[in-house]
Amino acid sequence: MKHSINLALMIITLLLSGSACHDKTEDPKPSHEQLQVAILIGINQHRVSQGLVALKENDILDRIATEHSTSMAKGEIPLSHEGFVQRFEQASKETGASAIGENVGSNYADADELVSAWLASEENRENIESDYTHVGIGIADDADGNRFFTQLLARI
């Protein structure tokens, strides 16, 4: 019995000391994949709350959105919709999309902050609430770790 109590106390001590040493400020940034999932969940929660259908993720749109985010992160173009016509044509050709919308952003701390900013912007919110059926989300980091986001919404 004494041995069981000592073992239990040792386990509790280890658990408490382990949690006391964990510093949340040392947690790494979420991965691009984690952010993509969180952004998709946030956007779809909003759409469903408005009586709209949830968007389906599309790998082709993800790739096209990532290419745009990468161009912004590399400084090849500013944070903008530059080249949108080409992205529309590419997405239309590769997915059969009949309509495309786009939201961009950079330097948001997390997915919730980004989604909130998009919803606070009338133009971006209109894209999110439009009759699109699919979405692609692309994320890229610049050399300083700043994140660039592109969301392509499409009617496929």
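User: Which residues in α4 are buried?
Analyst: Arg 87, Ala 91 and Thr 95. Buried here means under 20% relative accessible area and exposed means over 50%, with partly exposed in between (1.4 Å probe, protein chains only). Keep in mind that this is a predicted model: local features need pLDDT of at least 70, side-chain atom pairs count only at pLDDT 80 or more, and totals for chains, interfaces and linings use all residues. Residues are numbered from 1 along each chain as its sequence is written, and side-chain values use heavy atoms, with hydrogens and water left out.
User: OK, and what do the buried residues of α4 pack against?
Analyst: They pack against α3 (59–73) and β2 (99–106). Contact means heavy atoms within 4.5 Å. Helices (H or I, at least four residues) and strands (E, at least two) are DSSP runs, numbered from the N terminus.
User: Which residues are exposed on the other side of α4?
Analyst: Val 85, Gln 86 and Lys 93 are exposed there.
User: What follows α4?
Analyst: Gly 96, with a positive phi near 80 degrees.
User: Switching to strands. How many of β4's residues are buried?
Analyst: Eight of the nine in β4 (residues 147–155), so the strand is mostly covered.
User: And how do β2 and β4 pair?
Analyst: In the antiparallel sense, over eight bridges; two strands pair if DSSP finds at least two bridges between them. Ala 99 stands opposite Arg 155 in β4.
User: What about β3 and β4?
Analyst: β3 (residues 134–141) and β4 are antiparallel over eight bridges, with Gly 136 opposite Leu 152 in β4. The two strands form a hairpin with five residues between them, and Gly 145 in the turn has a positive phi of about 90 degrees.
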